[in-house]
Amino acid sequence: MLARIAVICIMLLPSVLPGQETLWRCEGGVIAFTSDAPLELIEAASGELQGVINPETGQFAFAVAINTFVGFNSPLQQEHFNENYLESDRFPRATFSGRIIEEVNLREAGNYTIRAKGDLVIHGVEHERIIKSQVTVEEGNLRVQASFTVPLADHDIRIPRIVYQKIAEEILVEVNASFRLMPSNS
Amino acid sequence: MRVVQLVILSFVGLPILYGQTLFFRTYEEAGSANLDLPNCLIERTNGFIYMGDENGLWQFDGRQFQPISTTDSLQDVAVSALFEDSQQQLWIGYRNGAIYRSDGLLPPQAWEPEEGWPAAAITGFAVDFEGRLWWATYGEGVYGLKDGHVYQFGIDDGLPSEDIYTIVADQQGRILIGSDNGVCLIGWSGDDKFIRHFTKNDGLPDDIIYSLLPSPSGGCWVGGYEGGVSYLDIEHGIASPLPLEWPGGTIVDLLLCGSDDLWVATETEGIYRWNNQRQTWKKSSHEDWQSGSIHAAYQDSEANIWVLSREQIISSANTQFTFLPLSLPTPQSVALDDDDGLWIGTEAGLYFRGPDRQSFEQFSAAKLNIISLYFDPNGVLWIGTFGEGLFALRPGTDELFHYGEQDGLNNGNILSITGKDDQLWLATLGGVYQLSYHLTNDRPSLRQLRHLEGEDAPGTEFIYCAYIDSQNRVWFGTDGEGISMLSPAGEHLTYSARKNGTPIRSVYSIAEDGHGRIWASTESGDILYLENEQFALANFRPSNRKDAFVSLLNDEQGNLLLIHPNGIDRLDPEHLTIVHHHDAAGFNGFEPGLNAFSTTAGAAIHMVGLDRLVQYSPTTNTIRQHPKVVIDRVSVFLEPIVFQNTMHFGAKENNLAFHYSGIWYTDPSLLTYRYQLEGFDRTWINTGDQQVVYSNLPPGEYTFRVAASANEDFSQAIEDTYHFSIALPLWQRTWFILIAIAGFLGIAILILRQREKRLKREASLKKEKVQSQYEALKSQINPHFLFNSFNTLASLIEEKPSHAVSYIEKLADFYRGILQYRERDLIALEEELSMIQDYAYLLQERYGDNFQLQIDLERRDYAIVPFSLQMLVENAVKHNVISRRQPLNIRIYTQDDLTIIVENPKQLKMTKERSTGFGISSIRSRYAILTDQPIWIDDQPNLFRIGLPLLKPKQL
């Protein structure tokens, strides 16, 4: 439910924001995760991270479809990932939306270390997080780089005992996304 | 809850007592430290004080500031918050938002959660009831750890402001913060954040809250920017202001001294004290600091208050003592009335100061020489004078009533007055009087119950003091005749000698401690105590001055106080620990009057000296009575090491230096140490130094123990220890010795084997040699050879007689060679060759041109086994056809400077010559003894070659 609300928010975000503001938008960001368990290293990534950042208010929203993650060690693994663990039928998206704590002007070129405070929704479970990110702004382009961990327990993702040794309890997530400045009504 | 009740009960404006000030010591000159604008200070469990200023972090032991550098030298950044958690880890918050952490005395290391550091100044840390860490920032609200993540509480979450000044955990471990918009209780309700907000509307003094102090009774004291202090009852959400007209000032810190004293440090108005029991405010501020501003205040475990300020940097004062300068004629006695009015008896009259006054005024015109003062339970002040008898003053009146000979007081020198109920005891220079009084008239009437004089007097009629103990025994200190005691049953006992027989002479003061033990002080400054009905000498002497008389009294906690010219000593009767309060506490030049103190139940003890009035209020906080001691540096060859992780030293790391710090903020100058290196020192060694060096420690297990004392008594001193071991040098370790023995054995065996081999080889060489000599002789004297030679010779004699001579000469030369070389293992190649040539000559004479010997040698400086070439040539001659059709051409040549080769065409005789098989095998075995290089044989269908190793001539 929460996930759905967040998704709707992302869809509507441009329209609910007042005026003719311009927003940073990202249509094909890369989000990758690594599970480094004693018996197996699993890495997968999606190139379909969507995001929007309002440089005026510091508000932001990100979303990625769970079933766009590829690069698993086997097709079966990908199937388990989607069907058993993340249940992408019920919870098709992971989202992160909130506000940047620091007051930075994201219209100005420069390198910024910011902390994004928001609600991280994975597997339909919302969790407030502060995520430290590197933001680089230059010539109509904004790049976000961040890495953070997601404990499976935080999002009620249950791992059967039998594959315990193959899946890490904390998943390392890395985000690398490029944004372009676009008018909000486009 | 009592606090709240009191708050509600008393809503009257309470007076401020003027003048009494703490005695502050400032440390701005301490050490060479370049201190700048201190921000925060804490005392750690290990005893050290840590202070954060604009330049970084400092460690302070009461004498010196030591800069603490972080692991990555983030040094010149302002430290804005310090905190120690229950694991004794120090948390350091920086103004730039960085957070560092230090374990014990190890250098601080960056502590950065995945979510990063705030970009705003850290203003405080707290740990909640679940052990979770929280930190407050100025600009980004509050951060807290939960399940491994950092969460922010900010405006979005309902926090009224993100500028947080202070964060505390209350008695139950709940987190409270003070901000620009009141106080918030924050925490988690399941997985949801909750924030409860209190404002001025709830009774807070102000919305800007700099200071919070959790109260042991469950609530929290709240210090406002304006408006003073409130007590916040968190459950009910009610804040009650203190019942007084707030004198003004911005509160920067609140401290609680015991359950009764709330200390309020203000930015510019000094320090106020709120006493719950007495419900009075006392303003106290450093005299030369009135214009300065206070940044922060802190209370240590020794009842000292620490004040951080821009001007004085860092100052401390003992909270138990306050001082008021006096300029009165010699004060000799002091008493406190029920309304906090102070009365001082001087050698020239009685002086009084009301509770709301700043100065003393002479009470009456009479210039009486007042030695003793006593308030009876009815509030009547009894005044004992020197030479002029006794006076009485009823409360609220100003008429002095005189009592003298007409009332039975034959002696007018009243040195001490004490009493119980309606009875008075007077110690005079004319014996002891026991009197009872009645307040029927204006003038209290006195009736004499007993007068101990002459024969009845306690040894002498000169009595210095009278003291009633808890069992209603009355004790007298006499002039020269010891101590006397009158029991309630009328029994009279005199103690004129100590347990060991030493006479007790004059006794100036007597008191009973909280454990019922009687103490007395003598004219020589000795302290005696009663044990098993006898007085014994205590093992301490408060003052070294000869004329130092010591006044004794007990405080409300049962401690015995000893007042003497060096200051005040407090004796804990249970552990018999003595704490000195001397110059460092403000007693420099203190000249106390004998028994010039007041002990009024529920009030501070007052004592007077020549130029000052001292007020003593024992803290109800549990205070540390012994110095702490910390081993803070261990050096190996003067190079400091991270000793916390190092317990084992190599054999050569045997020069160790230990540096330790005693912690006694009360008076660091009193510190003495004793140490012992167990495993090396047989006894404790007393020292004033803070470092000891041990050089050339032998291998072994050691424990360095050190203790510090501020009263030279180490029986209860706290110790610090450091265990370590010095390893045996390599050559003394068991495994090394075993390996060495094994090695020696191995080498010995090897040598023996070699020797055996050599002997064997020598033996076989000898055998071979003998054999070869024999064979050579045998072959050379071979009748066949001789027969052939003689046949050849015979034909020569016939055909070429001249040749015959040279033939015989060659034959002779050849045999001489055999004789000459047969004993030797090796001969020069040259020698062998010359012999071969002789031999070849003999053969050539026989075979003519059918036998050819060709020698192609580049170098001849080699050695060779004797007769070896000769034997090979002989073999060739022996086995091959030599004829005109098949001449035998033998070549001797060298190859690669390594091998000498004898080569002949293979033209075997049809009838094989009988072979002994000795020739080649003898050569082979002789060579085998001399060299590793093999003898090789190249036996081809048409060619036979045999190679002998060439040996170096040095082997000759």
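Hi everyone. Let me start with a term: a salt bridge is a side-chain nitrogen of Lys or Arg within 4 Å of a carboxyl oxygen of Asp or Glu. By that rule, Glu762(B) and Arg758(B) meet in a salt bridge, at 3.7 Å from N to O. Please keep in mind that this is a predicted model.

Both of those residues sit in helix 2 of chain B, 4 residues apart, which is about one turn of the helix. Glu762(B) is partly exposed, at 41% relative accessible area, and Arg758(B) is partly exposed too, at 40%.

Now for a pair in another setting: Arg273(B) and Asp261(B) form a salt bridge with their closest N and O atoms 3.6 Å apart. Arg273(B) belongs to strand 25 and Asp261(B) to strand 24 of chain B, so this pair ties together parts that are 12 residues apart in sequence. Are these two buried or exposed? Arg273(B) is buried, with a relative accessible area of 6%, and Asp261(B) counts as buried at 10%.

Over all chains, the structure holds 38 salt bridges. How many lie across the interface of chain A and chain B? The rule finds 7 there. One of the pairs between the chains is Glu115(B) with Arg129(A), at 3.9 Å between the closest N and O atoms. On the side of chain A that touches chain B, strand 6 of chain A gives the most, with 5 residues. That side divides into 4 nonpolar, 2 polar and 8 charged residues.

There's also a network of salt bridges linking Lys117(A), Glu128(A), Asp157(B) and Lys193(B).

Technical notes. Residues numbered from 1 in each chain as written. Chains lettered and ligands numbered in written order. Predicted model: local features only at pLDDT ≥ 70, side-chain atom pairs only at ≥ 80, totals over all residues. Heavy atoms only, no water. Helix = DSSP H or I, 4+ residues; strand = E, 2+ residues; numbered from the N terminus. Nonpolar A, V, L, I, M, F, W, Y, C, P; charged D, E, K, R; others polar. Buried < 20%, exposed > 50% of the residue type's maximum accessible area, 1.4 Å probe, protein only.
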